[in-house]
Amino acid sequence: MLAANLSRLATEYTYERAKQFTGSTFADFVRHDIAMDAKMALSLWHFDLNVKASVGQGGWASVPWLGFFDPLVTETATQGFYVVILINPDEQAIILSMNQGTTAIYHEFGQLRGREILKRRAKDIADRVPEFKKHFSEDPINLSSTAGLPAGYEAGHAFGKTMQCGDLTETGLSADLYQMLVLYETLVSRGGTTPSEVMQEEAAGKDVEETRRYILSRRIERSPRVRKQVLKVRPAICESCGLDPKRDYGFDGPVHKTPLDIHHTAPLFGLSEGETRRYKIPNDFLVLCPTCHRMIHKSDNPSDLEGLKSKIRFKIARSVASHLL
Ligand SMILES: [Zn+2]
Ligand SMILES: [Zn+2]
């Protein structure tokens with residue numbers, strides 16, 4: 001059970017980390033049993049999440065964690081934003097947190113400046129889903145560590161709840177985790193940590209709700225995982241104009257590297273504020289060349305493939321040209 005095993009992690013970690021890291025059965029217990037408990041707890045959750053539990057790589061971390069990653073945002077703890085349960089072994093506390101990848105920001109900006117940026121983004125995250133302030137606290141968290149990564153987790157913390165081991169219950173934890181995942185999904189559907197002005201610029205003059213849907217659609221379309229899955233089952237040929245990079249440009253790379261785009265057709269229009277989104281692979285997608293892709297987004301109905309096809313003139317031009325030869 002998740003709560004019981006997280007409590008065990010918090011209470012036994014200090015003792016266990018005094019032992020050798022390599023071959024530690026305790027480390028295996030965290031990586032496998034706790035991750036498995038978390039997956040079980042998510043069995044009814046309605047969208048894909050990657051789950052990972054870690055006690056460090058190559059050596060004991062000061063703060064072990066259990067992370068929940070939406071593949072539309074990130075596949076790893078080093079970047080993006082995600083839900084994480086952080087363990088403070090000194091205080092035997094378990095902290096459920098809406099947090100951010102620290103490593104990527106440290107690499108780009110250094111630790112000091114990186115932490116400022118993480119703090120600013122944490123504030124932006126909290127402001128983008130303000131209704132969750134009634135469930136979770138914006139107060140800073142304490143991980144009782146001076147190491148670089150934990151300091152980054154403290155800076156990147158947007159929202160959360162700190163629980164003492166002794167107070168943790170299975171039902172309480174799963175209710176809090178569920179609420180936090182709803183928050184995560186709401187945040188994703190509102191643009192995540194993308195600044196408003198960037199979203200507006202990309203969506204070019206749409207209203208707030210439309211802008212958010214557009215940004216979410218783009219996020220889905222750009223997800224490497226979605227792209228790979230779609231191209232596994234749909235041929236790498238533009239479904240609108242028939243452009244075939246292999247035939248027409250001699251492209252001979254792997255299929256997921258094709259210069260074609262993945263277009264998400266399922267309208268997100270039906271989703272009202274706060275509702276979560278889902279997509280089906282491959283039904284909700286089209287494979288389009290970049291030009292057809294751009295044009296379908298400019299049309300009134302970005303799901304209307306037949307409408308787009310009926311507007312294409314250059315094929316006619318090509319057949320006319322072949323007549324003249
Ligand atoms: Zn095309
Ligand atoms: Zn598209």
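V182 is partly exposed, with 16 other C-beta atoms within 10 Å. On this scale, a residue is buried if 20 or more other C-beta atoms lie within 10 Å of its own, exposed if 12 or fewer, and partly exposed in between, with C-beta atoms placed from the backbone. V182 sits in helix α6. Its C-alpha atom is separated by 9.8 Å from that of W45, 137 residues apart along the chain.

This is a predicted model, in which local features need pLDDT of at least 70, side-chain atom pairs count only at pLDDT 80 or more, and totals for chains, interfaces and linings use all residues. Residues are numbered from 1 along each chain as its sequence is written, while chains are lettered from A and ligands numbered from 1 in the order in which they are written.

**Overall layout**

- The protein chain has 13 helices and seven strands. Helices (H or I, at least four residues) and strands (E, at least two) are DSSP runs, numbered from the N terminus.
- Taken along the principal axes, the C-alpha atoms of the protein chain fill a box of roughly 85 × 45 × 40 Å.
- Of the 325 residues in the protein chain, 35% are buried.
- Among contacts in the protein chain with a separation of 6 or more, 62% join residues 24 or more positions apart. Two residues are in contact if their C-beta atoms, placed from the backbone, lie within 7 Å.
- The domain assignment gives domain 1 (2–189) and domain 2 (220–324). Such bounds come from an automatic or database domain assignment.
- The C-alpha centres of domain 1 and domain 2 lie 37 Å apart.

**Helix α6**

- Helix α6 covers residues 170–189, and its 20 residues should span 28 Å at 1.5 Å a residue; the end C-alpha atoms are 29 Å apart, which agrees. The expected span is 1.5 Å times one less than the number of residues in the helix.
- The buried residues of α6 are L173, L177, M180, L181, L183, Y184, E185, L187, V188 and S189.
- G191 follows α6 and has a positive phi, near 105°.

**Helix α9**

- Helix α9 spans residues 224–233, with V226, R227, V230 and L231 buried. Seen down the axis of α9, these buried residues fall within an arc of 120°, so they line one face of the helix. The arc is that of the directions from the helix axis to the C-beta atoms.
- An α-helix has 3.6 residues a turn, so residues three or four places apart point the same way.
- P224, K232 and V233 are exposed on the other side of α9.
- The cover over the buried residues of α9 includes α8 (208–222), β6 (261–264) and β7 (285–288).

**Helix packing**

- Helix α4 (residues 111–128) packs against helix α5 (residues 148–156) at an angle of about 25°, with the axes 7 Å apart. That makes α4 roughly parallel to α5.
- On the α4 side, the contact is made by Q111, G114, R115, L118, K119 and A122; on the α5 side, by G148, A151, G152, A155 and G156.
- The axes of helix α7 (residues 196–203) and α8 cross at roughly 85° and come within 9 Å. α7 and α8 are therefore roughly perpendicular to each other.
- In α7, M199, Q200, E202 and A203 meet E210, T211, Y214 and I215 in α8.
- Axes are lines fitted to C-alpha atoms, for helices over the stretch in contact, and angles run from 0 to 180 degrees between N-to-C directions. Angles under 35 degrees count as roughly parallel, over 145 as roughly antiparallel, 65 to 115 as roughly perpendicular and the rest as oblique.

**Loops and backbone geometry**

- Most residues other than glycine have a negative phi, and most peptide bonds are trans.
- Q92 is not a glycine, yet its phi is positive, about 50°. Q92 lies in the loop between β3 (81–88) and β4 (93–100). With 17 C-beta neighbours inside 10 Å, Q92 counts as partly exposed.
- S144, also not a glycine, has a positive phi of about 50°. S144 belongs to the loop between α4 and α5. S144 counts as exposed, with 12 C-beta neighbours inside 10 Å.
- I281 and P282 are joined by a cis peptide bond, with omega about 5°. P282 lies in the loop between β6 and β7.
- G56 is in the loop between β1 (50–54) and β2 (65–69). G56 is partly exposed, with 16 other C-beta atoms within 10 Å.
- G56 and A27 are 8.9 Å apart in space, C-alpha to C-alpha, and 29 residues apart in sequence.
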